[in-house]
Amino acid sequence: MRRSPEEAAALVATQIKTLICPGCACLCDDLVLRAEAGQLVEVANVCRWGAAKLFGEKRFHRQQPRKRWSQPQLRVRGHWEAVTYETAISRAAEILTAARQILIFGLTCLGSWAQAAALRLGQHLQARLEPADLPLLAPYYQSGQEEGFFTATLEVIRDQADTVVFWGANPLHATPRQLVRYAVFARGRFLERGAEDRRVAVVDIHPTEMQEVADLFLKIKPAEEVRLAEEVTRIFLAPQTQASNAARKLAEFLRQGDYGAIFVGRGVTYGAAGPLWRALTRLAAVLNRDRPFVLLPLPADFNSAGWYNLVLRELGHPWAVDFRPGRSQSWDQALCSWQEMDAILVAGGDPLWFFSDPELAALRQRQVPLIVMTPFANRTSGFAEIILPVAAAGLETPEVAYRLDSLPFLLDGGLASNHLSDVEILTRLAAVLGWQDHAPGH
Amino acid sequence: MRLVIKGGRLFDPVHGWLGQEGDLYLAEGRIVPHLDQADRVIVATGLAVTPAGIDLRAGVAAYGRQYCRLWGWLPPAAEIARTYLRLGYTYLHEPGATLETAAYVHRELAALPGVDTSISLTFNLRDVDLWLKTREHLPEVAAACRYFLSLTRALNLRVAEPFVHYQQEFYRHRCLALPDTLPRLAEIAGHLGQRLTLEAKPELLLQAPAAAAAFHLGGLGLAVNSERHLAGAQRWLEEGASGDLGLPPENLRPEPPPWCLDLGRSEPVTWPRPGTPENHHLTRKLAWAPADLAVAFSGADVLLTPPATYPELWAALLTGPGAQTGADEAAARAWTFSELIRRTRWLPAQYLGLKDRGHLQPGARAEVALYDLPRQESPAAWQQCLSHCRYLIKGGEIVIDNYRWRNQLPPKATFYLADNPEPNRLARDICRHRSFQPERLAVAAFPDLQWEPVT
């Protein structure tokens with residue numbers, strides 16, 4: 001499926017007019033490319049996240065290129081050594097074969113074909129697989145299991161949601177064009193004036209850029225989030241109940257809506273995400289008695305929904321998957337301790353970005369071998385034993401990804417690359433480990 | 001593989017085989033008139049040899065159903081496929097796909113190993129509300145529907161809400177009531193050259209069945225709430241509509257937490273209403289109505305009647321009302337095994353336009369299920385025999401061999417209507433208002449899905 005640089009250049013120059021952006025979970029499909037002599041020179045409708053991926057720039061520092069490796073790297077006596085893919089994959093297979101406790105981490109920035117290949121690899125290796133945004137999504141699914149799910153496609157939200165709440169979510173950093181395409185500024189079927197027909201509330205523990213967009217901005221302390229959600233629910237159940245000013249304001253804001261949407265972002269994971277999700281789900285249930293109100297997580301990674309859809313379909317649950325022998329159950333709702341692990345394969349994630357310095361020091365001290373598959377250098381790859389550079393999924397290699405409302409799209413991957421794709425690396429790794437994996441679409 | 005099934009009791013009721021002994025020859029994935037040499041001979045003495053089953057209302061891949069797995073109401077994909085194969089089914093039809101969700105549904109179906117699949121495109125009449133108002137626009141609506149069928153690789157068109165309703169005051173003038181839409185939908189079905197599936201609702205059954213032959217009534221069971229509704233359903237069927245039973249379960253499952261999915265219709269999708277004992281009783285009466293009515297077997301919904309419960313439902317239909325039901329059942333009758341085969345194989349194949357399925361004549365696909373037949377006609381004995389086919393052959397390959405699974409499941413495909421129309425103005429207009437570019441609606445782009453056209 002991978003295209004040669006010549007083929008890709010020809011495609012860019014002659015055929016590709018629009019592109020689906022794998023920059024975040026919005027999967028914006030209205031990007032328009034302009035190329036000269038097979039080189040990408042201009043992209044219209046792209047946000048900073050998308051541009052960073054397309055042009056290989058740093059997200060927050062435009063014009064600063066992100067480092068890419070031309071070849072796989074092995075760490076030899078503290079120094080990087082460029083090797084072939086065969087050598088790097090063989091070494092990775094050695095590490096994984098020798099390890100008893102293997103973690104495959106990340107996954108939500110892989111395309112769906114690669115996710116399926118990673119799941120099969122994990123099953124074969126008897127490893128644990130942990131998606132990078134488990135702290136946000138596991139409590140969402142758990143609260144839904146207990147209290148119910150209230151969902152809609154982004155299409156319906158764009159057409160009907162006149163009341164939008166961002167809770168612990170800053171889409172300008174997570175999913176920049178979500179506001180423009182679906183939730184706030186978009187013109188919908190019944191909201192033809194776009195932002196003028198909608199009202200936006202933001203609940204966050206820090207002031208953010210969303211203040212500029214919001215009709216109501218509630219800055220609260222992390223410990224007060226659950227109480228706020230519970231108070232608002234109580235106000236709807238018993239209007240005379242005692243409640244804080246913030247709760248009254250938010251309740252009044254919600255009451256005025258005919259159709260609402262609450263997007264919950266990664267911010268909730270800094271506090272008690274489980275109880276907060278539960279409280280928000282109860283609130284959504286109460287709101288739905290009088291008007292439709294959907295409650296959706298707002299993950300940033302471009303194929304987060306693809307992973308959860310895959311494991312729900314194949315295994316029947318959305319939690320971390322644990323194939324390690326001797327376990328009483330093959331799933332887990334919480335992140336595991338990296339202290340337990342003998343080897344870690346990071347694919348489609350940058351977990352060390354979120355590690356504190358003491359955690360990094362502990363990891364370094366334990367010398368747990370890290371095998372990192374990534375298109376660009378990141379903090380995690382800086383600690384890797386083996387770096388396997390990959391073609392950017394969806395841009396340089398075709399992939400399937402699920403938008404944040406779980407609708408799948410084919411990302412045609414028309415740009416040139418000399419790197420192997422995630423799927424090819426995982427399939428070759430499987431072959432070196434002694435079994436023939438079949439990757440669909442390849 | 002060249003295969004001979006020797007000495008079995010052949011059931012292909014439409015072609016007059018009602019269990020007489022005979023041999024069946026399979027080669028290159030098809031049933032053939034005769035074979036001189038075979039790679040394998042299955043001695044089927046005393047076994048029922050039937051075409052493989054087709055489920056009209058699988059409901060396992062609809063968008064949003066993934067949440068039901070959290071409550072254990074929908075098993076993982078591989079388990080679903082094996083359950084169907086064990087029952088002798090090799091083909092699942094998914095009714096619940098929309099323009100936006102067709103790609104999702106196809107991908108979910110593709111993950112079911114070993115079973116062939118297809119979808120209906122559930123069309124939202126809101127998208128064409130103004131066009132439905134004037135009769136001269138109906139050919140254009142039909143042309144747009146034909147284009148969408150091709151775009152989403154669906155077999156046929158389904159309307160879940162055969163009316164247009166808006167809550168918004170500003171849009172009230174665009175509403176269309178059920179009696180107004182039915183003749184228009186019948187005309188669209190005429191232009192499409194196929195039956196249009198209407199999801200059965202109580203209010204629909206009470207309508208006068210004008211142009212009934214243009215329609216298939218999907219999932220009658222949950223709509224038959226009273227004797228009036230039952231009479232209405234029978235009237236529609238007598239006037240030429242086809243239908244499927246949508247048989248509700250006898251025992252209701254506990255109430256799950258709320259699940260509410262908005263797909264832009266007048267009502268959100270929620271848990272299927274569990275039905276009542278009255279529903280169950282009346283649907284069985286409908287099932288036992290005269291055999292010449294074109295009512296295929298189907299369960300109410302996979303969440304209410306999972307495929308694993310089908311043998312229990314079949315056993316009850318095969319053994320009749322029994323002593324415990326009321327005196328009004330005196331005239332009722334039980335299904336014969338031939339009738340069960342007709343309603344689970346032939347009628348679904350007819351409805352889906354699959355000419356080479358649902359029968360055992362030469363040229364048909366080599367999709368054959370062999371069952372033990374019970375020594376005595378009791379519900380328990382029938383249930384046991386139908387719960388696990390003894391042999392299952394799909395595409396000419398043996399999948400279940402004397403109750404044992406072969407190691408590899410056979411290849412599968414998704415079937416779609418072979419048609420390639422150009423979009424008209426209306427179709428382009430509808431596409432333009434999606435939240436993504438029109439070309440993203442084309443599901444054929446996914447290279448990992450295996451397609452097979454139906455002509």
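Biologist: Before we start, what counts as a salt bridge here?
Modeller: A salt bridge is a side-chain nitrogen of Lys or Arg within 4 Å of a carboxyl oxygen of Asp or Glu. One case is D129(B) with R189(A), where the closest N and O atoms are 3.6 Å apart. This is a predicted model, in which local features need pLDDT of at least 70 and side-chain atom pairs count only at pLDDT 80 or more, while totals for chains, interfaces and linings use all residues. Residues are numbered from 1 along each chain as its sequence is written, chains are lettered from A and ligands numbered from 1 in the order in which they are written, and side-chain values use heavy atoms, with hydrogens and water left out.

Biologist: What are the scores?
Modeller: The model has ipTM 0.94 and pTM 0.95. Chain B averages a pLDDT of 92 (the predictor's confidence in each residue, from 0 to 100), and 97% of the residues score at least 70.

Biologist: How many salt bridges run across the interface of chain B and chain A?
Modeller: The rule finds five there; over all chains, the whole structure has 52. R440(B) and D29(A) also meet in one, at 3.4 Å from N to O.

Biologist: Where do R440(B) and D29(A) lie?
Modeller: R440(B) is in the loop between α12 (425-432) and β21 (451-454) of chain B, and D29(A) is in the loop between β1 (18-19) and β2 (31-36) of chain A, so the pair joins two chains. Helices (H or I, at least four residues) and strands (E, at least two) are DSSP runs, numbered from the N terminus.

Biologist: Which residues make up the contact, and how much area is buried?
Modeller: Chain B gives 41 residues and chain A gives 48, with contact meaning heavy atoms within 4.5 Å. The buried area is about 3,900 Å², 55% of it from carbon and sulfur atoms. Buried area is the accessible area (1.4 Å probe) that two parts lose on being put together, summed over both.

Biologist: New topic. How do β8 of chain A and β13(B) pair?
Modeller: Strand β8 (residues 149-152) of chain A and β13(B) pair in the parallel sense over four bridges; two strands pair if DSSP finds at least two bridges between them. In β13(B), L261(B) is the bridge partner of T151(A), and D262(B) is that of A152(A).

Biologist: What sheet is that in?
Modeller: An open, mixed one of three strands, in the order β8(A)-β13(B)-β14(B). Its edge strands are β8 of chain A and β14 (269-270) of chain B, each pairing on one side only.
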